Amino acid sequence: STPGVPELQVPRSEEVTRLGWKVQEQGEVISELRTVILSQLPEHTQALTDLRVRLADKEVERTSAASTEFSQAISKLREQLEASVAALNLRIKDVPKSEE
């Protein structure tokens, strides 16, 4: 051994075997997890789709409600305008015509 250089620790064959088994176990766990995740994907995808549809419906409801409010406001304004025009017409009729 060289001074200042740590000696290389060569793992014993049992250790290598044990590590090999661990790696294989972890590979199996990962594989199982992958299978579970993939099996649940369609469910989650459907849930996401349903959520998107519900959100779109809510947006339509909100837009529709806003549209109705807007239409009602326009109708009120039209009524007020017609009333103002009618009142103006009455006042114009009351003004005596000047003699030509």
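I take helices (H or I, at least four residues) and strands (E, at least two) as DSSP runs, numbered from the N terminus.

**Basis.** I worked on a predicted model, in which local features need pLDDT of at least 70 and side-chain atom pairs count only at pLDDT 80 or more, while totals for chains, interfaces and linings use all residues. I number residues from 1 along each chain as its sequence is written, and side-chain values use heavy atoms, with hydrogens and water left out.

**Overall form.** I found one helix and zero strands in the protein chain. The C-alpha trace spans about 130 × 45 × 15 Å along its principal axes. I noted that 0% of the 100 residues count as buried; buried means under 20% relative accessible area, exposed over 50%, and partly exposed in between (1.4 Å probe, protein chains only).

**Salt bridges.** I counted two salt bridges, each defined as a side-chain nitrogen of Lys or Arg within 4 Å of a carboxyl oxygen of Asp or Glu.

I looked up Glu59 and Arg62, whose side chains meet in a salt bridge at 2.5 Å, N to O. Both residues lie in helix H1, three residues apart, about one turn of the helix. Glu59 is partly exposed because its relative accessible area is 40%, whereas Arg62, at 53%, counts as exposed.

I then looked up Glu61 and Lys58, which form a salt bridge of 3.8 Å, N to O. These two also lie in helix H1, three residues apart, about one turn of the helix. Glu61 counts as partly exposed because its relative accessibility is 49%; Lys58 is partly exposed, with a relative accessible area of 49%.
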